[in-house]
Amino acid sequence: MDNTQAEEFRRPYSAAVPRKRRNIIAIASGKSGLGKTWLAVSLAHALSLLRKKTLLFDADLGLANTAAQIGLTDIEGLESVINAQKSLNQIVYSYDKGRFDIISGGSGLMKLSEMPIGRLQILGEDLSTIAEAYDTVVLDTGAGVKKSMRALAGLAAQILVICTDEPSAQTEAYGFIKIMAAQYPHSRLGIVVNQADSLAEGRRTYETVNKACVEFLRLSPPLMGIIRRDTRVRDAIRSQNTILSRYPTSEAASDVINLAERLSADG
Ligand SMILES: Nc1ncnc2c1ncn2[C@@H]1O[C@H](COP(=O)(O)OP(=O)(O)O)[C@@H](O)[C@H]1O
Ligand SMILES: [Mg+2]
């Protein structure tokens with residue numbers, strides 16, 4: 001942890017976080033490029049296939065790409081809410097192909113990570129209110145441990161920390177878990193291993209992170225799912241489709257469905 005992060009950690013941000021929502025699942029990681037956005041989109045689709053009324057929320061203003069992954073390039077995003085031109089429920093779009101709703105982030109504007117505390121609080125409260133209309137809300141968060149990222153992830157009762165077999169991803173996952181567990185002890189933290197070469201390899205990755213958590217933090221976040229590396233993930237993204245529409249029988253698709261089932265069973 002560098003000094004800035006340490007300083008942020010000392011100043012709790014929980015005052016800005018409205019009440020926690022049982023049905024909000026945050027996808028988070030310490031590092032970018034691990035597959036958070038892809039997993040958020042895929043999970044939203046899988047949950048809707050399990051008949052859960054689902055909202056996918058892109059909590060990024062700097063590099064919003066959740067909607068773009070499924071070809072929704074012309075919908076209004078969070079910038080109009082941040083600029084106070086629209087309310088959050090005016091920018092809910094339905095993605096008919098996946099039968100879930102989506103709120104797009106924004107690009108190139110003020111980063112959510114730099115948003116004033118008052119704005120962030122209103123956004124959090126609005127999201128919390130909108131969440132009442134859904135069975136599940138999947139939150140795609142930006143990478144890292146910035147205060148505002150943590151605050152939004154802290155809205156979620158369930159936080160899925162994404163990790164891969166890269167050593168740096170494992171270190172960052174451990175660091176993220178350490179901070180989140182200290183600041184939001186009432187959120188359930190779980191680990192999802194993505195881009196695993198095999199289920200056995202994925203389990204080994206999980207064991208490595210879990211061992212550090214047990215040894216240094218005295219906590220053991222459960223393994224919520226392993227998603228295998230699959231070349232069809234990239235193909236599906238390229239064709240602006242979800243993996244479940246494009247390659248419903250692929251390994252990655254079946255792993256995402258298993259994860260959605262596990263999350264549904266956990267309530
Ligand atoms: N299970 C997987 N198998 C193969 N490639 C994957 C998998 N998950 C993610 N990827 C690749 O990783 C890239 C980055 O994913 P993305 O969701 O944008 O990451 P993040 O949101 O964490 O920055 C994707 O474009 C995709 O090509
Ligand atoms: Mg992303």
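**Reading the contacts, strands and helices**

Me: What share of the contacts with a separation of 6 or more in the protein chain comes from residues 24 or more positions apart?
Reply: Such residues account for 77% of those contacts, where a contact means that the C-beta atoms of two residues, placed from the backbone, lie within 7 Å. This is a predicted model, in which local features need pLDDT of at least 70 and side-chain atom pairs count only at pLDDT 80 or more, while totals for chains, interfaces and linings use all residues. Residues are numbered from 1 along each chain as its sequence is written, and chains are lettered from A and ligands numbered from 1 in the order in which they are written.

Me: Why does Met 180 count as buried?
Reply: Met 180 has 21 C-beta neighbours inside 10 Å, and a residue is buried if 20 or more other C-beta atoms, placed from the backbone, lie within 10 Å of its own (exposed if 12 or fewer, partly exposed in between), so Met 180 counts as buried. Met 180 has its place in helix α7, whose other buried residues include Ala 169, Tyr 174 and Phe 176. In sequence Met 180 and Ile 159 are 21 residues apart, yet in space their C-alpha atoms are 9.1 Å apart. Across the 267 residues of the protein chain, 46% count as buried.

Me: What makes β2 and β5 a pair of strands?
Reply: Two strands pair if DSSP finds at least two bridges between them, and five bridges join β2 to β5 (residues 136-140), so the two are paired, and they run parallel. In this pairing Asp 58 stands opposite Asp 140. With β4 (residues 100-103), β2 pairs in the parallel sense over three bridges, and there Leu 55 stands opposite Asp 101.

Me: What makes β2 mostly covered?
Reply: Five of the five residues of β2 (residues 54-58) are buried: Thr 54, Leu 56 and Asp 58 point one way, and Leu 55 and Phe 57 the other way.

Conventions: Helices (H or I, at least four residues) and strands (E, at least two) are DSSP runs, numbered from the N terminus.
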